[in-house]
Amino acid sequence: MTTPSERLTPAQLRDLFLFEALDDSQRAWLAERGRVEQRAGGTLVYAEGEPGTCFFVLLRGAVALSRQVRGDDIEVSRTDQRGVYGGAVQAYLGDQVDQIYRNSMRALVDSDFFVLPAEDFAYALRSWFPMPMHLLEGLFLGLRNSQTIVGERERLLALGSLSAGLTHELNNPAAAAVRATSVLRDRVAGMRHKLAMVADGRLDGRALQGLVALQEEAVARVATAPKLTPMATADAEDILTDWLEEHGVGGAWDLAPILVGGGLDAAWLGQVKAAVGPADLEAAVRWLSYTVDTELLMREIGDSVTRISGLVGAAKQYSQLDRAPHLVVDVHDLLDATLVMFKGKIPAEVKLVREYDRSLPSIPAYAAELNQVWTNLIDNALGAMGEKGVLTVRTGQVGDLLSVEITDTGPGIPPEVRPRIFEPFFTTKPVGAGTGLGLDISYRIVVNKHHGDIRVETEPGNTTFRVLLPITEEVTPTV
């Protein structure tokens with residue numbers, strides 16, 4: 001709510017850092033055209049997308065700036081620093097850009113503002129500082145075009161890389177399921193054929209019932225079959241092969257691996273022989289082997305589909321497309337989702353080590369943005385190591401901050417490069433391989449959006465990026 005306007009004196013304007021370098025006549029001109037307005041805590045000062053009619057300077061109180069992203073209101077900064085400004089800051093560009101508010105400003109507490117009409121703000125800048133205005137116009141328009149082009153390239157490169165990895169990961173279980181389904185069709189047909197041979201009249205009803213009971217027992221054994229070592233598996237297959245050959249069952253070498261995989265042994269096959277007799281043993285064993293193989297194939301299909309479902313779930317967790325932008329999250333879930341997306345990109349000789357402190361609490365965060373931070377840091381770590389090394393992802397607590405560390409065993413960051421790594425567009429990668437925006441974006445997400453910190457420690461063979469995030473959401477304005 002706006003109270004009746006009042007005016008500041010030129011001397012009062014001199015106390016604001018934005019106007020302290022102006023001369024007395026310029027401050028008098030601003031004082032005559034500006035006014036003081038008040039806003040109650042919790043109310044909008046101006047809304048994104050509305051016509052940019054005023055330039056606001058904070059005199060007292062605290063404000064938060066936010067942007068709309070696909071319908072969600074995303075806070076980008078908050079401050080209680082006297083003299084900060086917002087609103088029609090691009091009025092000096094005139095009709096070169098749409099004169100609308102680029103963000104929303106909300107008063108966090110009762111606040112006072114010095115308000116200047118946009119046209120007066122633009123006139124003052126262009127009249128008093130003509131040369132800087134020309135430079136600013138060129139800088140703004142040139143930087144905007146560059147950021148648009150390079151930013152799109154950065155997103156496409158990241159998306160293409162992760163999509164390739166995810167596609168590769170999805171292809172493996174999908175191909176396994178298709179193969180298993182094809183083999184399963186043949187096994188079911190074979191089972192019907194063998195059943196007809198077993199039950200062609202040579203077995204009485206009681207013997208057939210006993211064989212069916214053994215079939216059910218074989219299915220149960222498949223579900224509980226123990227995991228054998230390669231050596232134990234080979235020994236079991238040799239014993240079963242010998243037993244089958246001794247009892248005149250052809251193709252013993254083909255049948256033994258299937259039966260052993262289902263947890264069946266020679267003693268159990270002895271029960272089959274007793275149920276059907278020596279004459280029908282081979283047909284019964286083959287029928288049972290089809291049963292076991294069918295169960296194993298269905299289990300393989302089930303595992304493949306579960307793997308696909310897990311990958312899709314990880315992709316959803318990574319993108320956070322179906323969730324609110326700001327929520328309480330477990331950083332381990334975000335890290336695991338990001339690592340799943342990278343699985344196809346991690347070289348065979350790069351060892352991944354997870355050192356998670358599972359006792360850490362969930363934290364309030366913008367999940368999708370944090371996943372972008374992990375993506376940038378992990379991608380840089382993999383690029384530094386090349387085809388061989390150790391990638392360590394570690395979580396812990398430092399004071400009242402949650403810590404996430406990404407460590408690689410690459411050559412380290414050269415001392416002359418270290419001060420510039422967070423600069424936008426700075427990159428040490430070859431031309432076309434990097435845009436220099438990854439760490440800049442990560443810094444802004446961690447520091448500006450989450451009010452945390454990002455640090456780096458580097459030496460040859462050990463480089464660690466440490467992201468520090470508040471465990472509890474800030475409830476008071478910060479400078």
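What follows is a chat about the predicted model shown above.

Me: I'm new to this one, so how many helices and strands are there in the protein?
Reply: This is a predicted model, and the protein in it has 12 helices and 15 strands. Of its 479 residues, 43% count as buried.

Me: And what share of the contacts with a separation of 6 or more comes from residues 24 or more positions apart?
Reply: Residues 24 or more positions apart make up 75% of the contacts in the protein that have a separation of 6 or more.

Me: Which residues touch the most other members in the largest nonpolar core?
Reply: Those are Trp374 and Val467, in a core that holds 42 residues. Helix α11, which runs over residues 367-385, gives the most to this core, with 9 residues. There is also a second, separate core of 27 residues, and among its members are Ala256, Trp268, Leu281 and Val285.

Me: Back to Val467, what is it in contact with, leaving aside neighbours within four places in sequence?
Reply: With those neighbours set aside, valine 467 is in contact with Val373, Trp374 and Leu377, with Leu402, Ser403 and Val404, and also with Val446, Asp453 and Ile454.

Me: Which strands does β13 pair with?
Reply: Strand β12, residues 388-398, pairs with β13 in the antiparallel sense over 7 bridges, and strand β15, residues 462-470, also pairs with β13 in the antiparallel sense, over 8 bridges. As examples of facing residues, valine 393 has isoleucine 406 in β13 as its bridge partner, while glutamate 405 stands opposite arginine 466 in β15.

Me: What sits between β12 and β13?
Reply: The two strands form a hairpin with 2 residues between them, and in the turn glycine 399 has a positive phi of about 65 degrees.

Me: Changing topic, how many aromatic pairs does the structure hold?
Reply: It holds 8 aromatic pairs. In one of them, the ring centres of phenylalanine 55 and tyrosine 85 lie 5.7 Å apart with the planes at 35 degrees, so the pair is tilted. Phenylalanine 55 belongs to strand β3 (residues 54-60) and tyrosine 85 to strand β6 (residues 85-87), so this pair ties together parts that are 30 residues apart in sequence.

Me: What about exposure, is phenylalanine 55 buried or exposed?
Reply: Phenylalanine 55 is buried, at a relative accessible area of 3%, whereas tyrosine 85 is partly exposed, at 44%.

Me: Which residues do ring pairs link into a cluster?
Reply: Tyr46, Phe56, Tyr101 and Phe113 are linked into a cluster by ring pairs. As for a charged residue beside a ring, lysine 449 lies over the face of tyrosine 366, at 5.0 Å from the ring centre.

Me: Last topic, where is glutamate 37 found, and why does it count as buried?
Reply: Glutamate 37 is found in strand β1, residues 35-39, and it counts as buried because its relative accessibility is 8%, where the cut-off is under 20%. Its side chain is joined to that of arginine 39 by a polar contact of 2.9 Å.

Me: And which helix does aspartate 293 lie in?
Reply: Aspartate 293 lies in helix α9, residues 281-319, and is buried, with a relative accessible area of 10%. The C-alpha atoms of aspartate 293 and glycine 262 are separated by 7.7 Å, although these residues are 31 residues apart along the chain.

Methods:
Residues are numbered from 1 along each chain as its sequence is written. This is a predicted model: local features need pLDDT of at least 70, side-chain atom pairs count only at pLDDT 80 or more; totals for chains, interfaces and linings use all residues. Side-chain values use heavy atoms; hydrogens and water are left out. A nonpolar core is a set of buried Ala, Val, Leu, Ile, Met, Phe, Trp, Tyr and Cys residues joined through side-chain atoms within 4.5 Å. Buried means under 20% relative accessible area, exposed over 50%, partly exposed in between (1.4 Å probe, protein chains only). Helices (H or I, at least four residues) and strands (E, at least two) are DSSP runs, numbered from the N terminus. Contact means heavy atoms within 4.5 Å. Rings of Phe, Tyr and Trp (its six-membered ring) pair if their centres lie within 6.5 Å; planes under 30 degrees apart count as stacked, over 60 as edge-to-face and the rest as tilted. A charge sits over a ring if NZ of Lys or CZ of Arg is within 6 Å of the ring centre and within 35 degrees of the ring normal. Two strands pair if DSSP finds at least two bridges between them. A polar contact is a pair of N or O atoms within 3.5 Å; within protein, one must be able to donate a hydrogen and the other to accept it, and residues adjacent in sequence count only if both atoms are side-chain atoms.
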